[in-house]
Structures are given as C-alpha cells and as structure tokens.
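Here is a short report on one protein chain. Keep the sequence and the 3D view side by side while reading.

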Amino acid sequence: MSLDTYIAGLPKAELHLHIEGSLEPELMFELARRNGVAIPFDSVEAVRAAYDFSNLQDFLDIYYAGANVLLTRRDFEDLAFAYFQRAAADNVRHAEIFFDPQTHTDRGVPFGVVVEGLIAGMERAKTELGVTSGLILSFLRHLSEEEAFATLEAATPYLRHFVGVGLDSSEVGHPPSKFERVFAAARELGLKLCAHAGEEGPPAYVREALDLLHIDRMDHGNRSMEDEDLILRLAASRMTLTVCPLSNLKLCVVRDLKDHPVPEMLRRGLHVTLNSDDPAYFGGYVNENYRQLAQAVGLTRDQLTLLARNSFEGSFLSEPDKAARI
Ligand code: HPA
Ligand code: ZN
C-alpha cells in the first residue's frame, strides 16, 4: 500500500480549522453573485494568484476581505457543508471548527445568522456524511478586551452550541495576557479554552497562554521549540498542539517543509496533531498536510498513525466517545 493510500485510510479528527478559511474561490464567486457583493478579482484564477503571503498579516488582510461575501444563514450553512464534504473525503470523522464572530458582526451580520447557519451545516454533516463536529468561538486578538467581552455576551443565548473559545488573528503585539479576564469568564461558562500561540509570537506568549489563560489546547505552538523548559513542560502535561504544516509553509513560519519541527516535537514526546488551518488559502486539506509533511521529513507509518490517534485524544469529545473512535 502506498503512503498516500495509508494516510487516506486513517480515520482522523481535525482540531484546527477556521471555517472562514475554507472558503474556496469558486464559492466566494458564487456567494458574491448571489449577494450582489463586489470582490476585487475578476476570476477564480486571479483569486488563487493573490494567495502569495510573506507573513500572517498578509494572509489575514485577504482572509478578512474574502469573508465579506458571507451574509446570510444559507451562506454560512453552504460554507460549513462544503468544508465537511472535503473533510469527509479525507476520512475526517470529527472536526472542531473555529469561527470568528467579530469578522461578521462588525459588518452588520447578526451573531444568530452566523451561528444558526454554521449549526445547520454541522447538522447536515452529521446526518448526510456521518461527520460529528463542535464549534469554537474565536476572539480576534487585534481587537480589544472590551470587544471580546461583548462577543462573549452576544454568544450567551447560543452557548449550548459551543464547545470552546479560541484566540486568533495578528499575534505579535497582542499577547494572551490581554484576554486573561475574558478567558476566565469563558471557563466559568463551562467552555474549553484554546489559543493560537507561538505561530509568530515568542515563547513568552506560549507561557502566558498556559499560565494566564489556562488553555486546554494550544494552536500551532511552533516557537515553543525555542525554549527547553517549555518543551519539557508541554511534554509532561500532554498538552495537545494543533500543528498546521502547509499553513506554516505559506505564512513563512518555516522556510521549507523539510525544516518543519514536527519530527523534533515527536522525538521530544509532544502531543502533536496535524491540521489544515485555512485550507482554501494554504493549498490543502488535512490529508494533503499529512502527505506533504510525511514526504518532506520522512514520517513513518507508525508516526502517522500516532498523529491521527492524537487527533481524537486531543479533541473535546467525551472520554467514552474518544475511546469508541480510536
Ligand atoms: N493564525 C492566526 N489567525 C488566524 C489564522 C492563523 O493561522 N487563520 C485564521 N485566523
Ligand atoms: Zn489558525
């Protein structure tokens, strides 16, 4: 059996996926037409050609612009269901997906429209594709603590739909400490806590995510590898890291996939998972992340199996649900 076939056959969970980052150019054009929204591109090819980023902010500017075509409940349902179809084709059985409510409410799209549309797509994924999922409300860290609190307040009527909160957008200059109080409030509400840390930000931000936010799961975490104490601590606590190889390549977090830290992370006993982050922008869904990384750094079948198993272990499924799926 080829390595690609082996990867394709592994049941997986995806734990780091921004639903807005799964907006393929074709759907972007369809929604722009359906909603009468102008976009600054005249073809699908022109959109793809613009996806050439030299850092996180470069990408975020285009990603937030792309989200402008999302207006109605149906748009969010279509977006989510399109992702789940791709995920199911990659043998993803469970996905915990981020959404950025502020990207939409700041444009006048009501919170309820976003959530109800995404939930409708998630319910269809369960009945039509057998893929289960959870929704993670992600705060935009370039905005204020006050705005994050207002978002949490707006989320309260929909709380039963969320498994957790996250922290994303421009990392450098927006340390986790800025959101210590809002994360404490989210925990009080019974939500799990994730934060992007150590993608572009220094190891000190990773420490803050652990010590001030008390996260249950870390998104990216690459720059933890610069700090020996952090490595030991992450390994001892079995903190799950949701690593995104193609994202790291496209956003120049690594120069070449051959330099990717996953082999060293595994060697040091870190609980690593592989994920696609923003697959429409970074050139591949979850299997493509497994494939390209495996090829670049030479992962073994046992390592690939471990990564897939880690994805269920690191999920927010109940312990019996995890046991049934591993
Ligand atoms: N990093 C930070 N914020 C994001 C990302 C990312 O990779 N994708 C979407 N929002
Ligand atoms: Zn991300």
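In which strand does H220 lie? H220 belongs to strand 6, which covers residues 217-220. Bear in mind that this is a predicted model.

Is H220 buried or exposed? Its relative accessible area is 0%, and buried means under 20%, so H220 is buried. P203 is 17 residues from H220 along the chain. The C-alpha atoms of H220 and P203 are separated by 12 Å.

**The chain as a whole**

How many helices and strands does the protein chain have? The protein chain contains 17 helices and 8 strands. Its radius of gyration is 18 Å, close to the 20 Å that the globule rule gives for 326 residues, so the chain is as compact as a globular protein of that length. Along the principal axes, the C-alpha atoms fill a box of roughly 50 × 45 × 40 Å.

Of the 326 residues, 56% count as buried. The chain exposes about 12,800 Å², and carbon and sulfur atoms supply 50% of that area. Now take the contacts between residues at least 6 apart in sequence. Of these, 76% join residues at least 24 apart.

**Helix 5 against helix 7**

Two packed helices are described by the angle between their axes and the distance between the axes. Helix 5 spans residues 73-89, and helix 7 spans residues 111-129. Their axes come within 7 Å and cross at roughly 35°. The crossing of helix 5 past helix 7 is right-handed.

Which residues of helix 5 make the contact? Helix 5 supplies R73, F76, E77, A80, F81, F84, Q85 and A88. Helix 7 answers with V113, V114, E116, G117, L118, A120, G121, M122, R124, A125, E128 and L129. By class, this contact has 12 nonpolar, 3 polar and 5 charged residues.

**Two positive phi values**

N91 sits in the loop between helix 5 and strand 2, the latter at 92-99. Its phi is near 65°, a positive value in a residue other than glycine. N91 counts as buried, with 14% relative accessibility.

C252 is also a residue other than glycine with a positive phi, here near 60°. C252 lies in the loop between helix 12 (245-250) and helix 13 (262-267). At 46% relative accessibility, C252 counts as partly exposed.

**Around helix 16**

T300 lies in the loop between helix 15 (286-297) and helix 16 (301-313). Its relative accessibility is 40%, which counts as partly exposed. A185 is 115 residues away from T300 along the chain. The C-alpha atoms of the two are separated by 42 Å.

E313 lies in helix 16. What does E313 touch, not counting residues up to four places away in sequence? Its contacts are R238, H271, K322 and I326. E313 and I326 are 13 residues apart in sequence, and their C-alpha atoms are 7.9 Å apart in space. E313 is partly exposed, with a relative accessible area of 24%.

**Accessibility at a glance**

| Residue | Relative accessibility | Class |
|---|---|---|
| H220 | 0% | buried |
| N91 | 14% | buried |
| E313 | 24% | partly exposed |
| T300 | 40% | partly exposed |
| C252 | 46% | partly exposed |

Definitions and conventions. Residues numbered from 1 in each chain as written. Chains lettered and ligands numbered in written order. Predicted model: local features only at pLDDT ≥ 70, side-chain atom pairs only at ≥ 80, totals over all residues. Heavy atoms only, no water. Axes fitted to C-alpha atoms, helices over the stretch in contact; angles between N-to-C directions. Helix = DSSP H or I, 4+ residues; strand = E, 2+ residues; numbered from the N terminus. Left-handed = near helix turned anticlockwise from the far one by under 90°. Contact = heavy atoms within 4.5 Å. Nonpolar A, V, L, I, M, F, W, Y, C, P; charged D, E, K, R; others polar. Rg over C-alpha atoms; globule rule 2.2 N^0.38 Å. Buried < 20%, exposed > 50% of the residue type's maximum accessible area, 1.4 Å probe, protein only. Areas by Shrake-Rupley, 256 points an atom, 1.4 Å probe, with all protein chains shown as cover.
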